[in-house]
Amino acid sequence: MNSLTTPTVPPIPSASTPVLVVGTGPAGLTTAITLARQGIEVLVVERRPALSGLPRAASVSTRTMELLRSWGLEQEIRAGGVEVEWKQWVGPTLAAAGDAHLTSFPTREQSAVLSPTAPASVPQDHLEPVLLEHLLGFDAARVEMGTEVVGLDSRSDGSLVTLRDVETRGTRTVHARYLVAADGARSTVRDALGIGMRGPGRLSQAIGTEFRAPLWELLGDRRYCIYAVTHPEAAGVFVPAGRGDRWVYGVEHELAQEPSASLTEEQSARLIRLGSGLADLEPRIERIGTFTFAAQLADRFRQGSAFLVGDAAHRITPRGGTGMNTAIQSAYDLGWKLAWVLRGWAGPQLLDTYETERRPVAAHNVARSADPHGGARLAAQELPVDLGGRIVHVWLPSRAGAVSTLDLLGPGLTLFTGGSSASWQRAATSVPGPPLVVHVLDAITARGVGIPHGGALLARPDGATAGWWPPGTDPVAALRGTVQAMPSASHTVDRRTEQRPTWHCMADRQG
Ligand SMILES: Cc1cc2nc3c(=O)[nH]c(=O)nc-3n(C[C@H](O)[C@H](O)[C@H](O)COP(=O)(O)OP(=O)(O)OC[C@H]3O[C@@H](n4cnc5c(N)ncnc54)[C@H](O)[C@@H]3O)c2cc1C
């Protein structure tokens, strides 16, 4: 039993919830949305009275944008960002000649081949309100701002969590079947669970100045995601932070050189002038803050029915722009798995796969961000980490216009077949397990996805391949074997009442 406060009398919960999410950062909001979209009741608590106003993450990756697009949020997200090419510009000052280098995010041309969407340069303080508004649209979700977790007792049937109203200081206790700690780098829940962090907690320190200045006028068509300036007195990075000439200028201070780094507004403005190369620039300084570069991984992501997600599970330096993206993608993974278990579509062992599948990704991104050259890696190397094992994206026609193969993924299992599909369709109705939707692809699309004529591919909600079969496979044995190998629910879902299998026959491309 872990406890932050030590109650003398065991508290009686005043309410219960299937899932309690702590924190409304990207990890908490994504977990809650994923659950709410599956109809799972979720309570979200956040210590702050309102969302953070700090721009922080500005690089939203390909896979993260695919998830946001699948929720219909792409346009809203992009509306708060700027159009850039995913290259890092390097030069002595912004005004001087320099070079543009490829980054680990795909170029526009590469994105057009890979994905129905593309990375976005959008600040976190635009993305979070879009996510919160989307979440509040679901009856299943309740969000309490100004409410913090101050006590936790882990029990065999869940967690007894003490919540405190930050304003009134009043407390109450809630029982949560599952607890999701999305409470950031200094996670209260992680500490209460006694889970340690491994890795350097202070690699270096950086100072970020948020300011407004008409730098796009200077840059013209050199519109990139990040600008590194090498001016000997002002070496640092300029990062676009949304619309309206909003920028962040960041300088990294090695701890050995300058342990208590801090800048006045005048000092920041001077550095921005030097770095931009515009001697008469008058930047409007809006905020100056310091942040620590840490590269740490939690010893474990789970204890009983409590899960760590996002920065609570891993601290990733801004190098490479993967901290928030890892948080969102892991939160999505945890969200659909919790939903499947709570809906009775899978057994609780499915939740073990959250850590086995997401830890290697987090470990990779933590290590990459600690590498001084980690930010310079290319898309060919890092895209497989971002996209994970999701199925190939191929555009295909539909009555509503072109749709991506990724758009066909459902909340349960999705079976893609290419031609000779009748036996697969029949098999799909006879296999017990989660809801299963069958999509019969035309020959060209099937080929693009890697399904030979008469073969099939089974995908999870996140697009990961659960099974792939060549022609000549016995569909019933193949599907049964694969579905049975998945962690199964204690009861079998009756698809006749839960969700009927449906078949969607895509129009033939050539016809
Ligand atoms: C300068 C900078 C630039 C960055 N750039 C990028 C980038 O380009 N791309 C990228 O992917 N990532 C980037 N990151 C990292 C990114 O900002 C984080 O990884 C991301 O915010 C993690 O989200 P989270 O939801 O896990 O945690 P957080 O965003 O920290 O949210 C945690 C929330 O939990 C709340 N909370 C804490 N304790 C409690 C409690 N006891 N009770 C209730 N609520 C509580 C907090 O108030 C907070 O709102 C950057 C970070 C910085 C600092």
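Author: The largest cavity holds about 170 Å³ of space. A cavity here is a set of points, on a 1 Å grid over the protein atoms alone, where a 1.4 Å probe fits but cannot get out, and lining residues have an atom within 4 Å of a point. Grid points are joined across faces, edges and corners, and a volume is the space filled by probe spheres set on the points. Ser 61, Phe 105, Thr 322, Glu 382 and Asp 386 are the closest to the centre among the 19 residues that line the largest cavity.

The model is a predicted one, in which local features need pLDDT of at least 70 and side-chain atom pairs count only at pLDDT 80 or more, whereas totals for chains, interfaces and linings use all residues. Residues are numbered from 1 along each chain as its sequence is written, and side-chain values use heavy atoms, with hydrogens and water left out. The chain averages a pLDDT (the predictor's confidence in each residue, from 0 to 100) of 91, and 91% of the residues score at least 70.

By class, the lining of the largest cavity comprises five nonpolar, ten polar and four charged residues. Ala, Val, Leu, Ile, Met, Phe, Trp, Tyr, Cys and Pro count as nonpolar, Asp, Glu, Lys and Arg as charged, and the others, Gly among them, as polar. At least two lining residues come from each of H9, helix H10 (352-370) and helix H11 (379-387); helices are DSSP runs (H or I, at least four residues) numbered from the N terminus.

Two of these helices, H9 and H10, pack at an angle of about 175°, with their axes 10 Å apart. Axes are lines fitted to C-alpha atoms, for helices over the stretch in contact, and angles run from 0 to 180 degrees between N-to-C directions. H9 and H10 are therefore roughly antiparallel to each other, a term for angles over 145 degrees. On the H9 side, the contact (heavy atoms within 4.5 Å) is made by Thr 326, Gln 329, Ser 330, Asp 333, Leu 334 and Lys 337, and on the H10 side by Thr 353, Tyr 354, Glu 357, Arg 358, Ala 362 and Asn 365. Three nonpolar, five polar and four charged residues make up this contact.

H9 (323-343) also supplies at least two residues to the lining of the second largest pocket. Tyr 332 is one of the residues nearest the centre of that pocket.

Conventions: 1 Å grid on protein atoms, 1.4 Å probe; cavity = no way out; pocket = protein on both sides within 12 Å on 5 of 7 lines; lining within 4 Å. Parallel < 35°, antiparallel > 145°, perpendicular 65-115°, else oblique.
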